[in-house]
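Here is a short report on a protein chain.

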Amino acid sequence: MGKKRALMFSLALGLFVFCVSAAEHHHVKAKTKRISLEVHKKLKLLNKRGVKTIKSEDGDIIDCVDIYKQPAFDHPALRNHKIQMRPSNHVQNDHNSSQLVSQIWQRSGSCPDGTIPIRRIQKQDLLRATSLENFGKKMPVHSSYSPTDDKGTVYINSTRVELGPQVNRSAAILLTTGYNYIGAQGDINIWTPRVDSPDEFTTAQIWLKNGPGEAFESVESGWVVNPKVYGNGATRLFVYWTKDSYKSSGCFDLTCPGFVQTNKDIALGMVLGPVSSKMGPQYQTTFSITKEPSTGNWWVRIGQNVPVGYFPGELFYYLTRGAATLVEWGGEVFSSKVKQNHPHTATGMGSGDFASGKLGNACYVKQVRILDYSKQLKYPEWVGTYSDEEDCYSALNYALSLAQEPVFYFGGPGRNSPYCP
């Protein structure tokens with residue numbers, strides 16, 4: 001009788017385990033199917049049908065999309081937006097950028113007139129994101145600022161500027177503050193710094209900002225190494241925007257509706273080259289963002305004053321009704337392993353060398369310029385430098401003599417012993 005009960009118990013237990021296992025398998029299968037459907041739906045929304053496809057040597061795919069069917073016009077504020085094909089105001093540069101950079105995909109073909117090149121987003125790109133909603137977005141700044149905290153404070157001509165410490169970012173920047181900046185630009189040399197973890201990124205860029213610290217607006221352009229968004233450690237051209245300090249609005253490039261592209265030969269998010277080398281050739285390009293007061297659009301140009309497209313005025317409040325009050329040039333590293341979190345990330349900024357290395361070793365911004373309502377590009381009257389973590393990433397505005405214009409150097413290796421453990 002005892003053996004019979006034991007057998008029945010064993011059979012019942014086996015049946016129970018089988019049922020639980022089958023239920024779990026069904027749940028996992030259903031969840032996998034749901035995620036797959038959501039990813040497919042997101043890809044269909046993001047990737048507009050092209051009239052031509054170009055396969056780049058580096059593995060990326062370009063779709064040549066009708067300029068009127070680009071992602072920007074999915075934004076509710078841009079449903080009735082009339083596209084501006086070219087900027088109406090010409091910004092006269094007082095110099096020539098010494099090198100021209102190119103994009104690898106251009107060797108494989110070109111997009112026809114009336115279209116723009118858009119980097120195709122792949123399934124694996126979406127699966128790397130923390131969520132489909134966060135794909136292509138910077139994380140919120142999570143400022144820990146309090147009025148009694150001197151961290152995130154810089155003085156420009158005795159004026160105290162509160163940047164506010166940001167717990168998931170580390171920056172090394174040159175900055176100026178005022179009330180009427182309608183443009184900024186600078187020549188930035190191109191590097192490929194190391195990114196320590198796939199969920200981190202590093203940039204060299206310019207920012208134009210306005211609005212309160214916890215909900216500022218920003219338009220940005222430069223180069224970035226961001227494996228999470230782009231899939232590898234290559235250096236790429238990027239633009240970015242936000243109207244709420246990265247909380248919910250904005251994104252890199254065309255990964256969400258917003259930025260309006262007009263150039264058919266330059267692709268956002270694609271690899272830039274050639275890259276500078278230590279004590280070797282330095283390759284740079286000009287990054288420029290300027291506002292058209294008549295439309296409120298903020299135009300992005302690169303190289304020899306070549307327009308790429310614009311951030312429409314409809315996206316913003318402060319940047320549309322006024323101008324930028326804060327302009328920054330320099331670099332930023334995003335990581336959860338910065339500030340007081342140890343071990344510190346080994347993600348590099350700029351060239352990966354400190355600013356003290358200067359020309360040939362460090363990343364730089366030459367020909368720093370602002371544009372105000374005088375419509376004349378000029379070096380800012382007053383500037384300041386700031387670094388969140390001087391022992392990890394440094395900032396140096398340096399001139400050989402009083403007769404020469406300063407060059408801003410920035411960057412660093414991140415973790416280094418014993419100064420940035």
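Buried means under 20% relative accessible area, exposed means over 50%, and partly exposed lies in between (1.4 Å probe, protein chains only). This is a predicted model: local features need pLDDT of at least 70, side-chain atom pairs count only at pLDDT 80 or more, and totals for chains, interfaces and linings use all residues. Residues are numbered from 1 along each chain as its sequence is written, and side-chain values use heavy atoms, with hydrogens and water left out.

**Chain overview**

The chain has 421 residues, and 52% of them are buried. Its secondary structure comprises four helices and 22 strands (DSSP runs numbered from the N terminus: helices are H or I with at least four residues, strands are E with at least two). Contact means heavy atoms within 4.5 Å. Of the contacts between residues at least 6 apart in sequence, 73% join residues at least 24 apart.

**Strand S9**

Strand S9 spans residues 201-210, and ten of its ten residues are buried. Both faces are covered. One side carries Phe201, Thr203, Gln205, Trp207 and Lys209; the other carries Thr202, Ala204, Ile206, Leu208 and Asn210.

Strands pair if DSSP finds at least two bridges between them. S9 runs antiparallel to S17 (residues 324-334), with nine bridges. S9 also pairs with S10 (residues 217-225) in the antiparallel sense, again over nine bridges. Ala204 faces Gly331 in S17 and has Trp223 as its bridge partner in S10. Six residues separate S9 from S10 in a hairpin, and Gly211 in the turn has a positive phi of about 105 degrees.

**Aromatic pairs**

The structure holds 13 aromatic pairs. Rings of Phe, Tyr and Trp (its six-membered ring) pair if their centres lie within 6.5 Å; planes under 30 degrees apart count as stacked, over 60 as edge-to-face and the rest as tilted. Two edge-to-face pairs are listed below.

| Pair | Centre distance | Plane angle |
|---|---|---|
| Phe238 and Phe252 | 5.6 Å | 65 degrees |
| Trp241 and Phe316 | 6.0 Å | 90 degrees |

Phe238 lies in strand S11 (residues 236-242), while Phe252 sits 14 residues away in the loop between S11 and strand S12. Phe238 and Phe252 are buried. Trp241, also in S11, is 75 residues from Phe316, which sits in the loop between strand S16 and helix H4. Trp241 has 2% relative accessibility, so it counts as buried. Phe316, at 6%, counts as buried too.

One aromatic cluster includes Phe201, Phe238 and Phe252, among others.
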